[in-house]
Amino acid sequence: MLKKRLLTALVGIPLVTIAVWFDEPLLFTVLAVVWGILAILEFYRLVATFKVPLLTLFGVIWTALFILSPHVKYEFTAPILFTSGVVVSLIWLVLRSQRDGAFAGWVWTMGGVLYLGWLLSYMVALRLEGGPGWVLFAIFTTFGSDTTAYFIGRALGKHPLAPRISPHKTWEGAAAGAAGAVLVSLLFILPTPVQLPLVYWQAMVIGLLVSVLGQFGDLSKSILKRNVGVKESGDLLPGHGGVLDRTDSLVFAGVVVYYAFLILESF
């Protein structure tokens, strides 16, 4: 398990870094769209156990549109996507022949679109407005949090964090995850190609927020998996589970770092 986890990371991290750092931001957007589609399909596969008729094709299309939306420099892009999504999906719902559980299926469909499409769009917006350094900050502080929480939690964890949601997560792992994210965040104030205009305390606060909110994202996905009775969302990433298992923290990180970037830019 550990060997697979490390091998996947050794292959995946350089590929993601190249996609983020590449001069043309569209490469990262394409990666985000593919990732988002894989994640939404895993999400729908999980909630399908509730026996509700999902609007899967609609969900995939609108997830992709939301992730692409930061490239459209128009003030009302997001409201139009929200509004059209609700209207089109409800019309789609009415025209389908299946009636039993139809509205519950619509709720799950829209929930997946907002959870993955809308939140992943922040990563794309961050790449376009802030540049590759900010995106790498979001990704690597998340990795730092997840990795230290995983290893320290396994080695030293004794006090359950949320036993009714995820029995293997501990307070020791959570604290280590926060420390790991803060340590990684400090690397981005060093004079390197990814240096960001941050002072020590700013980097540490943003890193801490990424870890804390990312762990809430992880726990929220754990509630879903517990509700549907599965351990992992998929097996596409050996040692890490499915795409959704590696997205739950990142979607929160993108939001945190994007708004941190905007706030710092305003001063």
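**A helix and its cover**

The buried residues of helix α7 are covered by elements that include α6, β1 (160-162), β2 (166-170) and α8. The model is predicted, and the description that follows should be read accordingly. The residues of α7 that count as buried are Gly-173, Ala-174, Ala-176, Gly-177, Ala-178, Gly-180, Ala-181, Val-182, Val-184 and Ser-185. The geometry of this helix can also be checked against expectation. Helix α7 comprises 16 residues (171-186), which at 1.5 Å a residue should span 22 Å; the C-alpha atoms at its ends lie 23 Å apart, in agreement with that value.

The secondary structure consists of nine helices and two strands, arranged along the sequence in the pattern α-α-α-α-α-α-β-β-α-α-α. The radius of gyration is 19 Å, close to the 18 Å that the globule rule gives for 267 residues, and the protein is therefore as compact as a globular protein of that length. Along the principal axes, the C-alpha atoms occupy a box of roughly 60 × 45 × 30 Å. Of the 267 residues, 47% are buried. Among contacts with a sequence separation of 6 or more, 73% join residues 24 or more positions apart.

Attention may now turn to the charged side chains. In general, side chains of opposite charge can pair when their charged atoms come close. The structure contains six salt bridges. Which residues are linked in a network of such bridges? The network consists of Lys-169, Asp-218, Lys-221, Lys-225, Asp-245 and Asp-248.

Since Lys-221 belongs to helix α8 and Asp-245 to the loop between α8 and α9, the pair ties together parts that are 24 residues apart in sequence. Both Lys-221 and Asp-245 are buried. Lys-221 also forms a salt bridge with Asp-248, and here the closest N and O atoms are 2.5 Å apart. Because Asp-248 lies in helix α9 while Lys-221 lies in helix α8, this second pair ties together parts 27 residues apart in sequence. Lys-221 counts as buried because its relative accessibility is 4%, below the 20% limit. Asp-248 is likewise buried, with a relative accessible area of 1%.

A further salt bridge joins the side chains of Asp-146 and Arg-246, at 3.7 Å from N to O. This pair links distant parts of the chain, 100 residues apart: Asp-146 is in helix α6 (residues 132-156), and Arg-246 is in the loop between α8 (200-228) and α9 (248-265). Asp-146 and Arg-246 are both buried.

The protein exposes about 13600 Å², of which carbon and sulfur atoms supply 73%. Leu-26, Val-30, Val-34 and Leu-38 make a nonpolar surface patch of about 310 Å². An α-helix has 3.6 residues a turn, so residues three or four places apart point the same way. Val-34, one of the residues in the patch, lies in helix α2 (residues 25-47). Is Val-34 buried, partly exposed or exposed? With a relative accessibility of 45%, Val-34 counts as partly exposed, because that class lies between 20% and 50%.

How values were computed: Residues numbered from 1 in each chain as written. Predicted model: local features only at pLDDT ≥ 70, side-chain atom pairs only at ≥ 80, totals over all residues. Heavy atoms only, no water. Patch = residues over 30% accessible without salt bridge, like charges linked within 9 Å, V, L, I, M, F, W, Y side chains within 5 Å. Areas by Shrake-Rupley, 256 points an atom, 1.4 Å probe, with all protein chains shown as cover. Salt bridge = Lys/Arg side-chain N within 4 Å of Asp/Glu carboxyl O. Helix = DSSP H or I, 4+ residues; strand = E, 2+ residues; numbered from the N terminus. Buried < 20%, exposed > 50% of the residue type's maximum accessible area, 1.4 Å probe, protein only. Expected span 1.5 Å × (residues − 1). Contact = heavy atoms within 4.5 Å. Rg over C-alpha atoms; globule rule 2.2 N^0.38 Å.
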